[in-house]
Amino acid sequence: MDKNLQIAVLADIHSNHVALTACLDYIFNRGISKFIFLGDYVSDCPYPQKTMEIIYHLMDKYPCTIIRGNREEYALNYRKSQNKNWKPNSASGALLYNYENLLEKDLDFFESLSNRALVRYDSCPEITICHGSPENSRELLYEDGKNTKEVLNTLETDYLLCAHTHIQFCREYSGKKIINPGSVGVPWFHGGKTQFAILHGNEKEWDHEFVQLSYDVEQVMTEYRESGLNEMAPSWARMTRESLRTGIDRSSQVVSRVAELSEGQEWPDFPQEMWERAIAEIWKEIQEI
């Protein structure tokens, strides 16, 4: 067995194929050719089909373990739903744009994926992988969360790879280790640099290496303008662009405030003027982007 087996772990790409390409260039330059993908491959950024084409190519050429995230589940649930209520607006426009730009092939691929898996490489220790938590793709496992400790207490392996929070961290608790590689596509902190992790394994243990890289954010901004996504989801696209440039996310605060302001209205019918008001309140001196 390779005495220092290396696995690239990528998550939360969110259709940012530009950031994904930068990560892959670095990974291949390091001589790494095994991959774990932890879900949320599409939505929020333009041209989801470009991200899917990259993933299919990697699957054809290299050993890849792939599970689905909550964004893939959203698309699958929408395909099955009788109530097609997504529309071009700040609440659901990004989801609708994503759905309309995916192929049946992509949705079928999402359907084929599990939302968790147990993986083993050679004689290295077994790893549990998931998007949110092993039981719920939308559960948020933060570094010091009570639920994080509860999940680790009942974990059947000594290692858990998870994503969803867009925050890189590693924590050991009761002899078990949880690793979040951060987000490739809409990264938080580190000035908006794209993020992933590299696992280094042997017969006894897995260690981790966190990577943050600069990439061509302005190319993504150009694609927002060219793709029509800015018009399809005005305020949501604006918030995502701000996160890409700064690594700071305010979306949950804005959505909560929009819901408060939109009395009598339910998602996804929150009025556009309430989005603008919430952004003005929460981003006191927002820069136009």
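This is a predicted model: local features need pLDDT of at least 70, side-chain atom pairs count only at pLDDT 80 or more; totals for chains, interfaces and linings use all residues.
I take a salt bridge to be a side-chain nitrogen of Lys or Arg within 4 Å of a carboxyl oxygen of Asp or Glu. I number residues from 1 along each chain as its sequence is written, and side-chain values use heavy atoms, with hydrogens and water left out.

**Salt bridges**

I searched the whole structure and found 17 salt bridges. I looked up glutamate 242 and arginine 250 and found that their side chains meet in such a bridge, at 3.7 Å from N to O. Glutamate 242 is buried, at 11% relative accessibility, whereas arginine 250 is partly exposed, at 22%. I use buried for under 20% relative accessible area, exposed for over 50% and partly exposed for values in between, with a 1.4 Å probe and protein chains only. I also noted a network in which salt bridges that share partners join Arg79, Lys80, Glu104, Asp108 and Glu111.

I next looked up arginine 245, whose side chain forms a salt bridge with that of glutamate 218 at 2.9 Å, N to O. This pair links distant parts of the chain, 27 residues apart: arginine 245 lies in helix α9 (residues 234-246) and glutamate 218 in helix α7. I take helices (H or I, at least four residues) and strands (E, at least two) as DSSP runs, numbered from the N terminus. Arginine 245 is partly exposed at 32%, and glutamate 218 is partly exposed at 40%.

Helix α7 (residues 217-227) also holds glutamate 223. I recorded a salt bridge from lysine 50 to glutamate 223, with the closest N and O atoms 4.0 Å apart. The partners are 173 residues apart, lysine 50 being in helix α2 (residues 48-61). Glutamate 223 is buried at 6%; lysine 50 is partly exposed at 33%.

I turned to lysine 176, which is found in strand β8 (residues 176-180). This lysine is buried, with a relative accessible area of 13%. I listed its contacts (heavy atoms within 4.5 Å). Leaving out residues up to four places away in sequence, lysine 176 touches Leu152, Asn153, Thr154, Leu155, Glu156, Thr157, Asp158 and Arg171. A polar atom of the lysine 176 side chain lies 3.3 Å from the backbone oxygen of leucine 152.

I then examined the strand pairing, for which DSSP must find at least two bridges between two strands. Strand β7 (residues 169-173) runs antiparallel to β8, and five bridges join them. Cysteine 170 has isoleucine 179 in β8 as its bridge partner. The two strands form a hairpin with two residues between them, and serine 174 in the turn has a positive phi of about 55°.

**Nonpolar cores**

I define a nonpolar core as a set of buried Ala, Val, Leu, Ile, Met, Phe, Trp, Tyr and Cys residues joined through side-chain atoms within 4.5 Å. The largest has 64 residues, of which Leu10, Tyr41, Met52, Phe196 and Leu244 touch the most other members. Helix α1 (residues 17-29) gives the largest share of this core, six residues. I checked tyrosine 41 and found among its contacts Ile13, His14, Met52, Ile55 and Leu113. Another core, of 19 residues, lies apart from the largest one and includes Leu5, Ile36, Ile127 and Ile179.

Note on methods
A polar contact is a pair of N or O atoms within 3.5 Å; within protein, one must be able to donate a hydrogen and the other to accept it, and residues adjacent in sequence count only if both atoms are side-chain atoms.
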